[in-house]
Amino acid sequence: MIETLLRIGGVAQKEVRQLVRDRPTFGMIVGIPLLQILLFGYAINLDVRHLHAGYLDLANTTDSRQVLQAAEASQLVDFTRRAADRAQLEAMIRRGEITIGLVLPADFTARLRNGTRPAGQILIDNSGPSIDNVARQLAELPLAFRQPAAQKTSRFALRVLYNPERYTAVQIVPALIGVILNLTLVLFTAIAIVRERERGNLELLIATPIRTAELMIGKIMPYIVIGLLQTSIILAVGVLLFDVPIAGDLIDLYLAALVFIGASLALGLLISTLAQTQFQAMQVSVFIYLPSILLSGFMFPFEGMPRFAQAIAEWLPLTHFIRLVRGILLRGATLGEMQHEAWILAAFFLAFMVLAVLRFHKRLD
């Protein structure tokens with residue numbers, strides 16, 4: 001019995017030493033729990049504040065200006081856009097520039113005093129994580145000026161522009177295209193170069209006239225087709241089973257998906273040049289995947305996160321693709337209207353590819 005315990009203890013001691021020497025694994029043991037508790041503790045906030053909003057003030061009176069000031073003072077919204085007409089305000093929401101639009105009609109003061117019909121209207125973008133509670137709080141802001149004693153709350157009609165039925169699947173399924181592509185493609189390519197090195201095939205490839213950039217591009221070409229196939233499968237299932245609408249042009253969607261697929265594959269190649277083993281490549285992929293899921297706006301409103309978390313999220317390709325896919329599929333935006341997000345993804349692709357090629361050269365040296 002004692003000998004058995006000694007043998008078990010010897011194996012355990014060896015395993016501990018191996019874990020300590022394997023710095024990436026030891027770092028993940030400490031890093032993943034810390035990352036999760038920091039993200040859930042600080043970045044994930046269901047009490048949403050400071051939503052990007054726009055307004056249309058057709059009244060342009062003291063009362064209408066006081067309403068706008070009261071809305072901003074509540075910290076529920078930050079007015080970042082002013083529209084000249086309703087069409088422009090709705091276009092801002094369609095392009096994803098704002099999440100909430102406040103409409104104050106020309107007879108706002110008369111409506112406010114009369115109290116028999118809504119004094120204004122609040123437009124809501126419900127294509128992402130629900131912000132209904134914020135809109136209702138905004139509609140019930142107390143107004144203490146020029147109002148009958150019996151009416152101490154603003155009366156704004158709520159209008160949901162996208163996903164008016166408030167189906168969770170309609171919000172989630174389009175974003176799942178990016179989430180699934182991000183997981184599978186980064187992971188596949190992250191182990192690509194490492195696998196070739198472990199099998200001894202990399203030396204054979206290096207002996208051929210093929211250049212590094214050609215090797216990298218050749219590695220990702222089959223996965224581009226796989227990514228587009230996955231996009232089609234998820235989209236078809238979403239439409240057939242969950243009634244996800246297709247408001248925009250499918251060509252725009254596939255072009256956006258193509259750029260995101262390229263950025264994801266290039267990121268995977270970069271990881272493969274950093275990792276020593278396939279297991280390490282998988283670890284790093286998971287380490288990047290976790291913040292991508294939590295910070296991208298996939299499950300939680302982006303504006304509800306602290307500023308530092310939003311800054312981190314802007315450096316994650318998934319954040320920009322989710323904005324694109326929801327804008328095109330649910331809001332009917334064109335790729336041209338949201339080209340800023342597409343250009344950022346293209347920049348990610350170029351940066352990751354260049355770094356991967358440089359790192360590959362360094363590893364060979």
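Which residue forms a salt bridge with Glu90? I found that Glu90 pairs with Arg159, the closest N and O atoms being 2.9 Å apart. I took a salt bridge as a side-chain nitrogen of Lys or Arg within 4 Å of a carboxyl oxygen of Asp or Glu.

**Basis of the entries**

I worked on a predicted model, where local features need pLDDT of at least 70, side-chain atom pairs count only at pLDDT 80 or more, and totals for chains, interfaces and linings use all residues. Residues are numbered from 1 along each chain as its sequence is written, and side-chain values use heavy atoms, with hydrogens and water left out.

**Whole chain**

I noted 15 helices and 5 strands in the protein chain. Helices (H or I, at least four residues) and strands (E, at least two) are DSSP runs, numbered from the N terminus. Of the 365 residues, 48% count as buried. I used buried for under 20% relative accessible area, exposed for over 50%, and partly exposed for what lies in between (1.4 Å probe, protein chains only).

**Salt bridges**

I recorded 10 salt bridges by the rule above. Glu90 is partly exposed at 21% relative accessibility, and Arg159 is partly exposed at 34%.

I next looked up Arg117, which forms a salt bridge with Asp107, the closest N and O atoms being 3.0 Å apart. Arg117 lies in the loop between α5 (108–114) and β4 and Asp107 in the loop between β3 and α5, so this pair ties together parts that are 10 residues apart in sequence. Arg117 has a relative accessible area of 42%, and Asp107 has one of 27%.

I also found a salt bridge between the side chains of Arg331 and Asp125 (3.5 Å, N to O). Arg331 is in the loop between α14 (317–329) and α15 (339–364), Asp125 is in strand β4, and the two are 206 residues apart. Both Arg331 and Asp125 are buried. Separately, Arg81, Arg95 and Glu97 are linked in a network of salt bridges.

**Strand β3**

I checked β3 (residues 100–104) and found 5 of its 5 residues buried. Ile100, Leu102 and Leu104 are on one side, Gly101 and Val103 on the other. In a regular strand the side chains alternate between the two faces of the sheet.

I counted strands as paired if DSSP finds at least two bridges between them. Strand β1 (residues 51–57) pairs with β3 in the parallel sense over 5 bridges, and Ala53 stands opposite Ile100. Strand β4 (residues 120–125) pairs with β3 in the antiparallel sense over 4 bridges, and Val103 stands opposite Gln121.

**Thr189**

Leaving aside neighbours within four places in sequence, the contacts of Thr189 (heavy atoms within 4.5 Å) include Ile220, Tyr223 and Ser264.

**Helix α10**

I placed Leu229 in helix α10 and noted that Leu229 counts as exposed at 52% relative accessibility. Val239 is also found in α10 (residues 212–242). Val239 is partly exposed, with a relative accessible area of 28%. The C-alpha atoms of Val239 and Val170 are separated by 9.3 Å.
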